[in-house]
Every structure is written in C-alpha cells, then in structure tokens.
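Subject: Handover of a structure for your review

Dear colleague,

Please find below the structure that I am handing over to you.

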Amino acid sequence: MIKNFEKACVIGGGVIGSSFTLLFAMGKMDVISYNRSLESEAKTKKIIEKYVDELIEKKVVSEDKQTILSRISYTTNEQEAIEFADIVEECIPENYDVKKEFVKVFEKYAKPDAVLCSATSGLLVTKIAEDANRPERIFGAHPYNPPHLIPLIEISQGEKSDPETANDLRELFTRLGKKPIIIRNEVPGFIANRLQAVVLREMMDLVDKGVVSMEDCETALTFGPAIRWAIMGPGQIFELGGGEHGLQGLLDHIGPSMETWLEDAATWTKFTDDIKKKTVDGVHEAIKNRPAEIGNTHESLAKYRDGMLVEILRLHKDYKI
C-alpha cells in the first residue's frame, strides 16, 4: 500500500466535502474536488473560500489565501478525479446502496494502491465493501463537523481492511493536524456519534417528560459537563473528582446513586414525531433567545461556533492549530 499519500480527491461537496478538501489543501496536498454539476462546484468553491477567509481572519493559517487555494482543482469528471488520487475521501449520501455503487466506480478507475475512505457517520465498512474486489483498501474516515477545525477523525475498518493501511491513515491524518483514532471492532455509529446520541436522547427525554426546557437543558450541558469535556474525557474528569482515591473511590462512593440515575434514564430507541417536534421547537426557541453577538441565526451561530472552536483548540497544549 501507499505509505506517503500525496494526492487526494474528495467526492462530493457540501459542508463535509468542502471542509475535507480544505483540510487536504492546508496539509500541502494537491486535491481534486469532484462535484456532479457546475452549479454544485460553484457552491463548493464558495464554501471553501468562506472557510479560508475565516481562518485567515482568526490567524489560524500562516499561508495566504491564494497559496492554499492553488492546491485545489475542480472537476465534474469522476474518472479524472479518482485516477488522480492516492486517497479518495467519499462524502456522498449516507446510504449503503449509494456507497456500494461508488465502490464499483472507485475500483474501476483507482490506482492499484489507492485507498478509499468513506466519511460515513456510522455505516459499517464491512457492508460498504462487501462486493469489492479488493476490500482491504476500503476504510471509514469519519470527521466531526467542521472537519477542517475539529481534530477528531475516526478510522473504521471492515473485516477485510488491511490493518497496516489503517496505521498509514492514522499517520496521514496526524500529519494533517488531526487527532485520529482507530476503531478496533466495527460498531454502528462508531464512537463519538454513539456517545453524542445517548446524551441527546437523555436531553430529549427530559424535555419530553417536562423536567426542563430544551434551552435550560442545553445550558446545563454547555456550562456543566461539556465545558470540562473540552479539556479531557469523563473518565479522567472523574479520576480527579475522586480526589486521592481517584475514579475507583468515586465509583465506590457515589456509584450506587449513579445506578438509580441510570435506572431512571431513557432507554427508548425510536424517535417519535412528538418527541422530535418538542426537541426541534425547543432548539429553535433557544437559538432565538440567544444574544445577537453569540449567534441567533444559523449563519451567525455557525460563525460563533467556529470562532469558539479556534479559541478552545488554541488552549490545548497537545494540539497545535
């Protein structure tokens, strides 16, 4: 397999595809962005240029705009894009049939040692690659939105994925400034999305039961656990919380109380229309109530989020932005 990935292509634009394209370009890789139409291509260019302008404004990148953008080319020719690349990052709809069909296209045009990564949020690589001639070079590389800022990349492997190539991908994304993890055993939703889904379900359940408003629930999470989670995970947080006895002491001391919380926590697995409506309405109300300076529209909220992400990442001693 290829050890030194030098050329990339990203299949699909939108928020994730555009962000991935910029990530490769900022990592000094030549990258082709494939879009199905010139209209989609124009939208992708606009998103990427917006991202670059924001990064320059926040002094995140040292290179000028033109130097970064010069590494990006665009095409509506899928064959041209795939033949160019050492690594292909697929950012197409979250659907097994769609992704399996693209695997056929990839295998038709790709270099013999090129690697395919799917940005899937939680589909199993084994199933995506089940009809592939060479499934050992197919992986998941799931980002967290926006990928050009959030460090996490989850590298998932199918039953026939090559473990050495998984390590090569870890090295690549580390070189690109990310914090990649390798998932040892496939599970739907990977790691971060499963954790996020459980937290969101509990929030939705509390709102549905009338315990709290969605706005107050989000405040509790943001200014309680989440502000600590931006520093370290709950395991290490609880290790500190246990004082001289550490995590073991904490679990021994308040474990029985925590068990009663868990007994009362949500366990349902289907989103009813009523619960979805309460959650969506609550989120919209919370956004409307935010001061304008911290974002009270989708556009201003996204800008505030990205600015805060940059400031938080600058504080991390083991991560450079």
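Glu90 stands opposite Ser118 in strand S5. This is a predicted model, in which local features need pLDDT of at least 70 and side-chain atom pairs count only at pLDDT 80 or more, while totals for chains, interfaces and linings use all residues. Residues are numbered from 1 along each chain as its sequence is written, and side-chain values use heavy atoms, with hydrogens and water left out.

The strands around S5

Helices (H or I, at least four residues) and strands (E, at least two) are DSSP runs, numbered from the N terminus. Strand S4 (residues 87-90) runs parallel to S5, and four bridges join the two; strands are said to pair if DSSP finds at least two bridges between them. Strand S6 (residues 138-143) also runs parallel to S5, to which it is joined by three bridges. Here Leu116 stands opposite Ile138 of S6.

Strand S5 itself (residues 115-118) is covered on both faces: Val115 and Cys117 are buried on one side, and Leu116 and Ser118 are buried on the other. Buried means under 20% relative accessible area, exposed means over 50%, and partly exposed lies in between (1.4 Å probe, protein chains only). Together with helix H5 (residues 96-109), S4 and S5 make a right-handed β-α-β unit. A crossover is right-handed if the path from the first strand over the helix to the second runs clockwise, with the strands pointing away from the viewer.

Helix H1 (residues 14-26) has 13 residues and reaches 18 Å from its first C-alpha to its last, close to the 18 Å expected at 1.5 Å a residue. That expected span is 1.5 Å times one less than the number of residues. Among the buried residues of H1 are Gly17, Thr21 and Leu22. Just after the helix, Lys28 takes a positive phi of about 65 degrees.

A search of the whole structure finds two aromatic pairs. Phe20 and Phe24 form a stacked pair, at 6.0 Å centre to centre and with 25 degrees between the planes. Rings of Phe, Tyr and Trp (its six-membered ring) pair if their centres lie within 6.5 Å; planes under 30 degrees apart count as stacked, over 60 as edge-to-face and the rest as tilted. Both Phe20 and Phe24 lie in H1, four residues apart, about one turn of the helix, and both are buried. The pair of Trp268 and Phe271 is edge-to-face, because the ring centres are 5.6 Å apart and the planes stand at 75 degrees. Phe271 is partly exposed, with a relative accessible area of 47%.

Charges over rings

The charged end of Lys45 sits over the ring of Tyr74, 5.0 Å from its centre. Likewise, the charged end of Lys127 sits over the ring of Tyr96, 4.5 Å from its centre. A charge sits over a ring if NZ of Lys or CZ of Arg is within 6 Å of the ring centre and within 35 degrees of the ring normal.

A contact across the sequence

Asp208 is found in helix H8 (residues 192-208) and is partly exposed, at 24% relative accessibility. Asp208 and Lys278 are 70 residues apart in sequence and 6.9 Å apart in space, C-alpha to C-alpha.

Yours sincerely
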